[in-house]
Amino acid sequence: MNPRPTRLLPTRPAGYVELARYSSLGRFWAYLEGAERAGREVRVVRGDTPELCRRRVSGYTLSGAALLLDTGRVVRALDEGFETHPALLALLATDPAPLRAELNAHFELRLDFVLALTAARDLIVRPEFKYAPLVRGLSDLPPGLPLQPRRLGRDEVHMLVQRACGLA
């Protein structure tokens, strides 16, 4: 692992979710080391110095995660620009099952995130979760379709981060 970061983030930036209060450097390091042991890529966030307690973790994927899809966003996109696909027509008829089956078969959820520790000792994370095709071109869903996970609760995000870091 790179040298352990020790300089805490002065404040919590916008877009971050609190995972734990009154956390420690040791816990932050345990997440980073666990992620590296689990085969994830741990990098310094662009523009940060190596001693700042903020790292981007990538490389964890979750298959069969169509249940987490934000179907409301997909429906709104279809209202703006209609696309014909059997799974999308079923979704418009209030049946998300065919779209979820398509996602489970041809997509995985990439769970990249930025993990940080603040001066207030808050362990925080900025999730960057998105669906990505297993093999490009295999699915016949329209390419501009907004396939994004729904807004996850703090506990859900925490559990996914722990799994990505090999701690759960």
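Q: Is E128 buried, partly exposed or exposed, and at what relative accessibility?
A: In this predicted model, local features need pLDDT of at least 70 and side-chain atom pairs count only at pLDDT 80 or more, while totals for chains, interfaces and linings use all residues. Residues are numbered from 1 along each chain as its sequence is written, and side-chain values use heavy atoms, leaving out hydrogens and water. Buried means under 20% relative accessible area, exposed over 50%, and partly exposed in between (1.4 Å probe, protein chains only). E128 therefore counts as partly exposed, at 27%.

Q: Which residue meets E128 in a salt bridge?
A: A salt bridge places a side-chain nitrogen of Lys or Arg within 4 Å of a carboxyl oxygen of Asp or Glu. The N to O distance here is 2.6 Å, and the partner of E128 is R56.

Q: Which side chain of opposite charge is nearest to D122?
A: D122 is in the loop between β5 (107–117) and β6 (123–133). Lys and Arg count as positive and Asp and Glu as negative, with His and the chain ends not counted. D122 is buried yet has no salt bridge; at 4.6 Å, the nearest such side chain is R21.

Terms used: Helices (H or I, at least four residues) and strands (E, at least two) are DSSP runs, numbered from the N terminus.
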